[in-house]
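This briefing concerns pockets and charged side chains. Please examine the sequence and the model shown below.

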Amino acid sequence: MIIASNLKTNLTREKTISYLMDVENFLDKNNSDQEIYVFPAQSSLNPHHGKVVQGAQNAYATQNGAFTGEIGLEQLEEFDVKTILIGHSERRHILGESQEKLVEKFNFYKSHGFKIVYCVGEPLEVREQGEDVMMKYLELQYEGIDTSYDKLIIAYEPVWAIGTGLTPTLEDISKIHLKLKEKSSAPLLYGGSVKVETARDILACDGVDGVLVGSGALKVENFCQMIKFAEELNNN
Ligand code: PGA
């Protein structure tokens, strides 16, 4: 299974290094062969070699250049980063990234062979309009995206569930995941208020290949516990 931690705008570089070390130690001690990703804040990136894959939360679709406040391929290469999160709802809705921009970013990093974790998800007002409207909305987020890219992971993250403590029911998660799986055979993660208390049940849902976790993974012991759940489920 795939267990990913999105650290967002949290943890200094020093704390991130210690977080990564704790996860590596946990994986070694438990002989875990789950696929683990950690996405640190940009300024906390550091060279990292081990079982945990370090990814970027964002980068501009460029090698380098005049894009104030952004980083590009050159900065990611300095830290051997070959994995990127694209389309996270905070980038779509707070930072205003359009589908067009995301497609540009996707194609650029795909052309450089990056593993891409591509996020989709609907806001509450869309969900409230019923399943058809919701699926159409999600469909638009697949527009222009190469869903057969072999280094693609998709994360379904309902916007209303991110950072709110709310989650869809397990039945809803399964239902939506099975529908989204018709669009792409890429592994499909669930994200949005996954906590250590809920992770096991979510990971056990039909159609769920892993989780992308924000606040619930900020404490490294909780993140490791989620990895343990995945390990146990895999062995069942
Ligand atoms: P959350 O964030 O777990 O804090 O809801 C998930 C995400 O944004 O990926």
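Predicted model: local features only at pLDDT ≥ 70, side-chain atom pairs only at ≥ 80, totals over all residues.

Residues are numbered from 1 along each chain as its sequence is written, and side-chain values use heavy atoms, with hydrogens and water left out.

**Largest pocket**

- The largest pocket has a volume of about 250 Å³; a pocket is an open set of points on a 1 Å grid over the protein atoms alone where a 1.4 Å probe fits, with protein on both sides within 12 Å along at least five of seven lines.
- That volume is the space filled by probe spheres set on the points, which are joined across faces, edges and corners.
- Its lining (residues with an atom within 4 Å of a point) includes K8, H88, E90 and R91.
- The lining divides into three nonpolar, six polar and three charged residues, where Asp, Glu, Lys and Arg count as charged, Ala, Val, Leu, Ile, Met, Phe, Trp, Tyr, Cys and Pro as nonpolar, and the others as polar.

**E157**

- E157 lies in the loop between β6 (152-156) and α7 (170-180); helices (H or I, at least four residues) and strands (E, at least two) are DSSP runs numbered from the N terminus.
- E157 is buried and has no salt bridge, the nearest side chain of opposite charge being K8 at 6.5 Å; Lys and Arg count as positive, Asp and Glu as negative, and His and the chain ends are not counted.
- Buried means under 20% relative accessible area, exposed over 50% and partly exposed in between (1.4 Å probe, protein chains only).
- The side chains of E157 and H88 form a polar contact of 3.3 Å, that is, a pair of N or O atoms within 3.5 Å, one able to donate a hydrogen and the other to accept it; residues adjacent in sequence count only if both atoms are side-chain atoms.

**Salt bridges**

- The structure holds 14 salt bridges, each a side-chain nitrogen of Lys or Arg within 4 Å of a carboxyl oxygen of Asp or Glu.
- K8 and E90 form one of 2.9 Å, N to O.
- K8 lies in the loop between β1 (2-6) and α1 (13-30) and E90 in helix α3 (residues 89-94), so the pair ties together parts 82 residues apart in sequence.
- K8 is buried at 19% relative accessible area, whereas E90 is partly exposed at 24%.
- R91, E97 and K105 are linked in a network of salt bridges.
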